[in-house]
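I opened my notebook to look up how this structure is put together. I kept one entry per topic.

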Amino acid sequence: MTRLEQPIAVCRTCCEGYEFVNRLLDVNNLEVTFAKRAGKFQAVRGVSFSLDKGEHLGLVGESGAGKSITGFSIINLISKPGYISKGNILFEGRDLAKLSLEEMRRIRGDRIAMIFQDPMMTLNPVLTIGTQMIETVLAHRRVSRAEARDISVERINRVRISSPERRLKQYPHEFSGGMRQRIVIAISLLTDPALIIADEPTTALDVTIQAEIMELLLDLCTSRQMGLVLITHDLAVVSQITQRIAVMYAGLIVETGPTAEVIATPRHPYTRGLINALPQTRHGEKRLRQIPGVMPGLRNLPAGCAFHPRCEQCRDICITTQPERRTLACGVQVACHLVEE
Amino acid sequence: MNILAMNWRRFRESQALYAFLRDPVAIGSFTILVVLTLVSFLAPWTAQHNVYDTATLELLDAHTPPAWLDQGLERYPLGTDDQGRDLFSSIIFGMRTSLLIGLGAVALQAFLGICIGLISGYTGGRLDTLLMRVADVQLSFSTLMVAIFISAIFEAVLGVGFFERYAVLLLVVIIGLAEWPQYARTVRASVLAEKKKEYVEAARVIGLPASRIMWRQILPNALSPVLVISTVQVANAIMSEAALSFLGLGMPVTQPSLGSLIKSGFTYIFSGSWWITLFPGITLVTLILVINLLGDWLRDYLNPKLYKHM
C-alpha cells in the first residue's frame, strides 16, 4: 500500500511544479554524521541536489569535501561510525534512507550501480571475470546460469571488448588497467541500472585511456537514458560530459547549476579558485594559481562561511554568519554573501 | 579432451611445479608420502597377512624377532607381535587407519573451522566475540585433554562395544571437535584482512547477499593459509590419534593403528621384544615428518615474502 502512496506524497511535497515522471533522484538536506569517541562530526552538512532521468551531474571538490561520502550515502553504504542523520534520498519514489537492509541490497547493483577509482582493487583477484559477472546477475535476476552468461557476454560487447567468450574465462590480472575499468563498467551495466554513481572512475588510469573510458561511459549513459553522478576533481571532464555541476566544500554544496553557466561565470569564490587553478598554457603563465591554505578539518569548522579563512574577498559577515543558498535568475544556486541577487 | 590437455599444459607450465621440482626436500618427502599412502591404502594387496582375520594368527609365532635376527622367520620380515601377527602387515594396515583418521579429522576440523571462522570474521560484533571466546577457552586446554574428555564421554554414553566397532568414525569426530579452534582462528584472521579490501566493498555495492560475499568472494582469497594449516593438521591429527591409542582411548587392539601398535609393544619393550614398538614408531615419525616438510614447502611457496634462502 505504501508503495503506491509514497510517490504521490513525494510529488506534492518536494517536486512541486516539476515534472515528476522525469525525476530520478532527489537528495534533500542530507546529513551524514560520524560518531567517534572524540565526538560527533558531520562529513556532509545538508546537501540537496536532484537528477532527472538520463541526466549527468558532476560532483566536484577537493579531497575530503564529502563527495564520496555523498555518493556512498545514496546507496546507503557508509562504513560503520558514519550514518545518515538527517534528510532523505528519494529514488524512483522511494526514500532510500529508510529502506531495510534487504530492500536496499536489492536496489544496490540492480537499479543503482557504482564504479570505483581503482579497477584492480574492485575486482576479486581469484575469481574469473565470468564468475564475478554471473554471480552479479544471479544475485538480482531469476535466470539460469546460461542466461546469466549470455547477458554477461552481451555487456562485454557493449563496453567494446573483443572476444567476450574468452574474456569470461580470464582473471583480472590478465587485463590492462583500462580494460579492467571497462569490465567494471560492464559489471555495472549487467542489470540495466537507472543510475550510475562513478567515483573518480578514471583517476587510476593513464591519461590516454582516461578519455576513452570517459567517452564510453558517456555513450552508454546517453544511449540507455541512465542517470550519472560523476564524482571527480577533474573540472575539465565535468565541463565536457555533464549537464549540471555541484561544487562541494567542507560538506556543503556551495554552488550548483548548469555546467556551462557555472564554468563560464563562476559566482562562488571557491569555484572561481578551482577553475583558476587549472593549468592554462594559453596565457603563458609560469606558475599555477592555487587557492591559499587547506580545507579545514571537519571537526573544527570555522564559524560563518566555511570557506572564509581562504577567501580573498572575505568580509565581516562571512566570519559570523553562514550564507544561505540562493537561486539566481540564471538557474544557478550559490551559497555566498558576496553574490548579488 | 581438449580441456584436459589445456589443464595439463597449465599445470606443466605452472609456477608451483617449477618451484616444486627445484626443491629436493619437497620431492623427497612427496615421494615418500605417495609411496606410504599407496602402500597403506592398497593394504589388502600389499600386506601378506590380513591382520583383521584372527583365524590366520598363529599364537605360537608370537614375539618372533625380525627376519635378519637369529630366531627370525622369512615369513615375518619385521617379526611378529604378542598375538603372532605379522608386524609388517600390521604396520601397513595400521598406517591406513591412521591416515584415514587423520584425513577425516582434518576434513571435519576444516569444515567446522571454516564455517565458524568465516561467520565470525565477517559478521564481527558480539557473535564474533562469543565464538572466539569459545575457541579461546577450548585452546586453553591442551587438545589431547579435550580429546580424552570427549572420548571418555563417548565411551560412557555409547558403551565400549559400540565404541570399538565405530572406533575410526568416533576418533575422527573426537579429534575433529578437539582441534577446530586452530582453523577457526586462522580463517578468521585472513577474513579480517580480506574484509577491508575494496573488492568486498564492491561486492556489497553490487548488492550480493552476505552469504555469497562470504563463501564466493572472501573464502577463495583466504584459502592459502587454510591449505598450509591443513597439511600440518593432518600430521597433528595422526599424532593425536596415536597418543589416544597409546593411552588406550583410541583404536582397539583388534584394529591396529600406528598408535595402538606402539602401545601393544610398549608392554614388552623390556622383555626383549623391542621391534613391536620400534618399527611402528619409525613409521609414525616418518609419516609425520614427511607431511610437515611438505607443509613447510607449501607455506614457503604460498607466502613468497618468507624467503628462507636469501
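My entries follow, beginning with the ground rules.

**Ground rules.** I am working with a predicted model, where local features need pLDDT of at least 70, side-chain atom pairs count only at pLDDT 80 or more, and totals for chains, interfaces and linings use all residues. Residues are numbered from 1 along each chain as its sequence is written, while chains are lettered from A and ligands numbered from 1 in the order in which they are written.

**The eight-stranded sheet.** I looked up strand order in chain A. One open sheet has eight strands, ordered β6-β7-β8-β3-β9-β10-β12-β11, with mixed pairing. I noted that two strands pair if DSSP finds at least two bridges between them. The edge strands are β6 (112–115) and β11 (326–327) of chain A, each pairing on one side only. I then followed β6(A) to β7 (residues 195–199) of chain A: they pair in the parallel sense, over four bridges. There, A:Ala113 has A:Ile196 in β7(A) as its bridge partner.

**Strand β9 of chain A.** Why is β9(A) largely enclosed by the rest of the structure? Six of the six residues of this strand (residues 244–249) are buried, so the rest of the structure largely encloses it. Buried means 20 or more other C-beta atoms within 10 Å of a residue's own; exposed means 12 or fewer, and partly exposed lies in between, with C-beta atoms placed from the backbone. I checked the directions next. A:Arg244, A:Ala246 and A:Met248 point one way, A:Ile245, A:Val247 and A:Tyr249 the other way, and all are buried. In a regular strand, side chains alternate between the two faces of the sheet.

I then looked up the neighbours. β3 (residues 56–60) of chain A runs parallel to β9(A), joined by four bridges. A:Gly58 stands opposite A:Ile245. With β10 (residues 252–258) of chain A, β9(A) pairs in the antiparallel sense over six bridges. A:Met248 has A:Ile253 in β10(A) as its bridge partner. The hairpin of β9(A) and β10(A) has two residues between the strands, and A:Ala250 takes a positive phi near 45° there.

**The four-stranded sheet.** I found an open sheet of four strands in chain A, ordered β2-β1-β4-β5, with antiparallel pairing. Its edge strands are β2 (39–52) and β5 (94–95) of chain A, and each pairs on one side only. β1 (residues 23–36) of chain A pairs with β2(A) in the antiparallel sense over eleven bridges. One bridge I looked up has A:Lys36 as partner of A:Gly39 in β2(A).

**Two helices side by side.** How do α8 (residues 177–189) and α9 (residues 207–223) of chain A cross? Their axes come within 10 Å and cross at roughly 15°. That makes α8(A) roughly parallel to α9(A). Axes are lines fitted to C-alpha atoms, for helices over the stretch in contact, and angles run from 0 to 180 degrees between N-to-C directions. Under 35 degrees counts as roughly parallel, over 145 as roughly antiparallel, 65 to 115 as roughly perpendicular, and the rest as oblique.

**Two loop residues.** I looked for positive phi in residues other than glycine. A:Arg160 has phi near 60°. A:Ser163 has about 35°. A:Arg160 lies in the loop between α6 (145–158) and α7 (164–167) of chain A. A:Ser163 also has its place in the loop between α6 and α7. Are they buried or exposed? A:Arg160 is exposed, with 12 other C-beta atoms within 10 Å. A:Ser163 is exposed too, with 10.

**Where chain A meets chain B.** I noted that 22 residues of chain A are in contact with 15 residues of chain B. Contact means that C-beta atoms, placed from the backbone, lie within 7 Å. On the side of chain A that touches chain B, α3 (101–107), α4 (119–122) and α5 (129–140) of chain A each supply at least two residues. α5(A) gives the most, with four residues.

**Helix α10 of chain B.** In this helix (residues 198–206), the buried residues are B:Tyr199, B:Val200, B:Ala202, B:Ala203, B:Val205 and B:Ile206. They pack against β6, α4, α5 and α8 of chain A, together with α9 (167–195) and α11 (210–221) of chain B. B:Gly207 follows α10(B), and its phi is positive, near 95°.

Methods
Two residues are in contact if their C-beta atoms, placed from the backbone, lie within 7 Å.
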